[in-house]
Amino acid sequence: MQRRVFLTLVLPAVFFVAGCNRSTSTSSSNPTGGDKIKHRIAVIPKGTTHEFWKSVHAGAVNAAMEFGDTEILWKGPLREDETTGQIQVVQDFIAQRADGICLAPLDSQALIRPVTEAIESDIPVVIFDSALGDESQIVSYVATDNFKGGRLAAQSLADAMGGEGDVILLRYKVGSESTEQREEGFLTELKENHPNVNVLVSNEYAGTTPDMALSKARQLLQKHRNEVDGIFAVCEPNADGTLGALRQTDLAGKVKFIAFDPSPTLIKGLKEGTVHGIVLQDPVTMGYEAVKAMHAQLSGGKVEKRVQTGEHVATAENMDTPEIQKLLNPQRFEE
Amino acid sequence: MNSLRLASVVSLLGPFLALAIVAGGFAVADQMQERGGGFTSAYNVRQIAASTTVVAIAGLGMTVIILAGGIDLSAGTGLALASVVLASLLEHKWPLALALAAAIGAGGLCGFANGLIIAKGRIVPFIVTLGTMMVWLGIAKKIADNKTIHVNREYVPDWLQNLLSASESRAILGLPMGAWVAVAMSAVLAFVLTKTVFGRHVTAVGSNEAAARLSGLPVDRIKIAVYVLGGIFFGAAGLCLFSQLSIGDPTQGTGKELDVIAAVIIGGGSLAGGRASVAGTLAGAATMAVIRSGCTQLGLDNPIQDIALGLIIVVAVAVDQWRQRRAV
């Protein structure tokens, strides 16, 4: 009996040790073999199952392949979008003495302390995708210029409407830094460069799910159906809901519609003429530039404090060009 | 008699033996890999202790509840609610002592509501707390105005910000201050459960509720007290969660209840009631943190880690079953 109890305790340990040696390569990408690896760079996304992060992963691995002396340690929080989990991952990499950490913080404030701990342990940190509240100690911040993305949306919408008309801005939610930048960029561009475009509504929040966005957009479109000429939805769930609302109110195709971030539904809408533009980010470049900045830091090269990874607009005319196709269907990391 | 005593020693030491084996296995595997040794570094020990603390303190509350034959699925959202209450009050510049008391009190109040419905309504705790789990989440979101509360760091005292810091400069005797708080709370709870009348009543209710009732114990009152006590620990865990995050985020407790229950089970607690140990729960919570850390050190990806964590729970329960069968 004693022996059986003992066995059950030993078995899991055996399992772990056996499991370890086999699958080390699944989370780290070591394209050129162990001997030449000088830098082990940890890249920590906000989650691991979303398509966006798989593209960031692909970009990070591209950079590692290019440098040849770099290994990517890719790991997100165990539970998707769990801030405590992400803090633990940062601390795990500090304990592991990774040479550098690239982090997309889930919260601008909660990740400050673990980042400080990394820097105290002489591990440099690059922040990507979303800002950290305290940028004083980090190597670089690599992200989309969301303000400029908002400006691009405003230009595209104004162009689609022939330079004049009434528009609705459908905001996302209070406290989300990246989307607030887009909203401000949109309003600033209209005010500065498109005097004949009038903003009908700019104080409504769509909420975080396509469902909530659909009902909010439907109410607004019904209320203003005789005046509205254009609408801008600032992120993907928001835009999916808005497209649904345009269809339900029978305004799809008639009201000019600009979305931010692609989804299969929106790309189809672009083909059919119900979506008139999609502002695109470049996650592959984001992963690439984050690793590149860290590599430069580690090998004593010059590092830009702020790297912008580019914003683009897909329209029905340019959507089949190779450049835009690459952003509509970006490269994704595959095991 | 002799073999019985041996059995009870094994059952007490079992969870620690498992922890030692898991930690030893990872330490050896980590040493063998190129540039290894991170797993056994002093920083990693502090880091594991810090990341165990929230689950360990909440696990203490769950130990009492499981010992009494109950379960609390609302522990995770309840502790997040406590952290949001604390964040909100600090933001409104309440005195620190009052804000801390209110946060822990909120946990106790949640427990009181659970206990009252379970005892007086005679509804199974699984269902009651499944419901209140969502209620606490909703209340926390309401308090936080459906977003994350970013408290100005000036309003948060230095010790609270660094309760769970893994920095060497913040450590006391090699561990973060919060870990020592958890140890102290464990000692007090272990005393209460093993040396006081209340402790024996709780075990009696958990072992055989009908018999406890027949022998004249105030079962309803004991049950309510158990959930209130559990809730107070969840409130204290919420305080640690706030310290770890420095923000009040209503969603950060979701799913934590499963970690907490798993800690008690790995530590030798029985979901049938009547058996759960404070020391075992600490070992259980530490085992999960060690697996999480060890997997990252070895470069195992998240799916493997999920499977490992799941298997250890099943193994723990299997060991528990063998032990019970032998006891008959």
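What percentage of the 335 residues of chain A count as buried? In this predicted model, for which local features need pLDDT of at least 70 and side-chain atom pairs count only at pLDDT 80 or more, totals for chains, interfaces and linings use all residues. Residues are numbered from 1 along each chain as its sequence is written, while chains are lettered from A and ligands numbered from 1 in the order in which they are written.

Buried residues make up 52% of chain A, a residue being buried if 20 or more other C-beta atoms, placed from the backbone, lie within 10 Å of its own, exposed if 12 or fewer, and partly exposed in between. Chain A contains 11 helices and 13 strands; these are DSSP runs (helices H or I, at least four residues; strands E, at least two), numbered from the N terminus. Of the contacts in chain A with a separation of 6 or more, 73% link residues 24 or more positions apart, a contact requiring C-beta atoms, placed from the backbone, within 7 Å.

Two domains are assigned to chain A, domain 1 (2–144 + 283–308) and domain 2 (146–280), with bounds from an automatic or database domain assignment. Each domain of chain A contributes 4 residues to the contact between them.

Strand β3 (residues 70–74) of chain A is largely enclosed by the rest of the structure, because 5 of its 5 residues are buried. In a regular strand, side chains alternate between the two faces of the sheet. Thr70(A), Ile72(A) and Trp74(A) point to one side of β3(A), and Glu71(A) and Leu73(A) to the other. Strand β2 (residues 39–44) of chain A runs parallel to β3(A) and is joined to it by 5 bridges, where pairing requires at least two DSSP bridges. Ile72(A) in β3(A) is the bridge partner of Ile41(A).

Helix α8 (residues 236–248) of chain A comprises 13 residues and spans 19 Å from first to last C-alpha, close to the expected 18 Å, which is 1.5 Å times one less than the number of residues. In α8(A), 10 of the 13 residues are buried, including Glu236(A), Asp240(A), Leu243(A) and Leu246(A). The buried residues of α8(A) pack against β7 (165–171), α7 (210–223), β9 (230–233), β10 (256–260) and α9 (264–272) of chain A. Asp250(A), which follows α8(A), has a positive phi near 65 degrees.

Conventions
Two residues are in contact if their C-beta atoms, placed from the backbone, lie within 7 Å.
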